[in-house]
Amino acid sequence: MQSGDPLPYTDARHQSAAQFLTEEAHLLDTSDFEGWLELMAPEIRYRMPVRVTAVKAADEAEVQTMHHFDEDWYSLQKRVQRFGTDYAWTEDPQSRIRHHVSNVRTFAGDGDELRVESAVLLYRSRGDRTAPSLLSAGRTDVLVPTTDGLRLRSRDIEIDESVLRTQNLAIFL
């Protein structure tokens, strides 16, 4: 999914993209889901395909036919709204999460958009009854500039495991 050379780390566009990801992680870690939703472009696509362990002769992308989630603005908005109700049982008690974002690489995209690759390690604690979980993934984002700053147009999350070892996916990556 790579095209072209990465922007230099000193490029202002790279710095803006890295800052966007840092601020986004802070919003998610502090459960400011409404603030996080404001970072989404109206045409957002937020996807995480199920990883398939395939032999070398097979192209993994060709056998990926299912997603853990494939969401748009409407479904993300509904998930955020649900967190504010008494019906978000998968998050009661609420998870304590920490997003560790690293390996940020930025590429010029079509027009003024930016394609940003990053790695995320998510630490999630569900209190004292279950062991904490870790989720490692690579992400490919498309960021677009607006008058209000950068907005996330798409995110494709590629987890590093075929079998998820977390209780549920009620959190955002």
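The structure is a predicted model, in which local features require pLDDT of at least 70 and side-chain atom pairs are counted only at pLDDT 80 or more, whereas totals for chains, interfaces and linings use all residues. Residues are numbered from 1 along each chain as its sequence is written, and side-chain values use heavy atoms, with hydrogens and water left out.

The chain contains four helices and six strands, taken as DSSP runs numbered from the N terminus (helices H or I, at least four residues; strands E, at least two). Along the sequence these elements follow the order α-α-β-α-β-α-β-β-β-β. Of the 173 residues in the chain, 42% are buried, a term that denotes under 20% relative accessible area, with exposed meaning over 50% and partly exposed lying in between (1.4 Å probe, protein chains only). Among contacts with a separation of 6 or more, 62% are made by residues 24 or more positions apart, contact being defined by heavy atoms within 4.5 Å.

In helix 4 (residues 73-83), the buried residues are Leu76, Arg79 and Val80. These residues cover an arc of only 95 degrees around the axis, which puts them on the same side of helix 4, the arc being that of the directions from the helix axis to the C-beta atoms. Their cover includes helix 2 (33-37), strand 1 (40-49) and strand 2 (67-71). Arg79 has a relative accessible area of 17% and, when neighbours within four places in sequence are left aside, is in contact with Glu71, Leu169, Ala170, Ile171 and Phe172. At the start of helix 4, a side-chain oxygen of Asp72 comes to within 3.3 Å of the backbone nitrogen of Tyr74.

Strand 4 (residues 114-125) has nine of its 12 residues buried, so it is largely enclosed by the rest of the structure. Strand 4 pairs with strand 3 (residues 96-108) in the antiparallel sense over 11 bridges, where pairing requires that DSSP finds at least two bridges between two strands. Within strand 4, Arg115 is the bridge partner of Phe107.

Definitions and conventions: A polar contact is a pair of N or O atoms within 3.5 Å; within protein, one must be able to donate a hydrogen and the other to accept it, and residues adjacent in sequence count only if both atoms are side-chain atoms.
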